[in-house]
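Here is a short report on one structure. Please read it with the sequence and the model side by side.

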Amino acid sequence: MDRKTIISTHFQGFAEVAHIPVSPTSWAYSDDIGNRAYDPEKAKALLEEAGWKEGATGVLEKDGEKLVVYYFTTAGGLGDTLIPIAKENYKAIGIDLQVEQMDFNALLSRVGNGDH
């Protein structure tokens, strides 16, 4: 996903992309670890290498199954910015992103029941 666009859109220039699960303002942060640039062409090539081929609807398919990613989240916050950008990014590489927003307790219940 184009994390830079998501972060700059949501935080309007008051945040930056972190490449590891540590804040870029921390002494422990390093740009040398896990820095992956947004590269949809490389993503397409990796998916093709893994055997995914474009189907009639533009969604990638393999062994008769479409490539669908499900994203369960709560409504509001960063998700409201992330979802439309993510849908566009995933569609561009042939992935059908299905989003389901729910309240926090429903999300916890679903995860707790293994329904994800």
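## Strands, helices and a few side chains

Strand 4 (residues 68–74) and strand 5 (residues 96–102) run parallel and are joined by seven bridges. Helices (H or I, at least four residues) and strands (E, at least two) are DSSP runs, numbered from the N terminus. Two strands pair if DSSP finds at least two bridges between them. Y71 stands opposite V99 in strand 5.

This is a predicted model, in which local features need pLDDT of at least 70 and side-chain atom pairs count only at pLDDT 80 or more, while totals for chains, interfaces and linings use all residues. Residues are numbered from 1 along each chain as its sequence is written, and side-chain values use heavy atoms, with hydrogens and water left out.

Strand 4, helix 3 (residues 78–92) and strand 5 form a right-handed β-α-β unit. Right-handed means that, with the strands pointing away from the viewer, the path from the first strand over the helix to the second runs clockwise.

Three residues can be set side by side for accessibility. Buried means under 20% relative accessible area, exposed over 50%, and partly exposed in between (1.4 Å probe, protein chains only).

| Residue | Relative accessibility | Class |
|---|---|---|
| T73 | 10% | buried |
| D80 | 47% | partly exposed |
| D115 | 43% | partly exposed |

T73 belongs to strand 4. Not counting residues up to four places away in sequence, T73 touches I83, E100, Q101, M102 and L107. Contact here means heavy atoms within 4.5 Å.

D80 is in helix 3. A polar atom of the D80 side chain lies 3.3 Å from the backbone nitrogen of G76. A polar contact is a pair of N or O atoms within 3.5 Å; within protein, one must be able to donate a hydrogen and the other to accept it, and residues adjacent in sequence count only if both atoms are side-chain atoms.

Next comes helix 4 (residues 104–112), capped at its N-terminal end by D103. A side-chain oxygen of D103 lies 3.0 Å from the backbone nitrogen of N105. G114 follows helix 4 and has a positive phi, near 75 degrees.

D115 lies in the segment after helix 4. Leaving aside neighbours within four places in sequence, D115 contacts F72 and R110. Those two residues also meet: the charged end of R110 sits over the F72 ring, 4.1 Å from its centre. The criterion is NZ of Lys or CZ of Arg within 6 Å of the ring centre and within 35 degrees of the ring normal.
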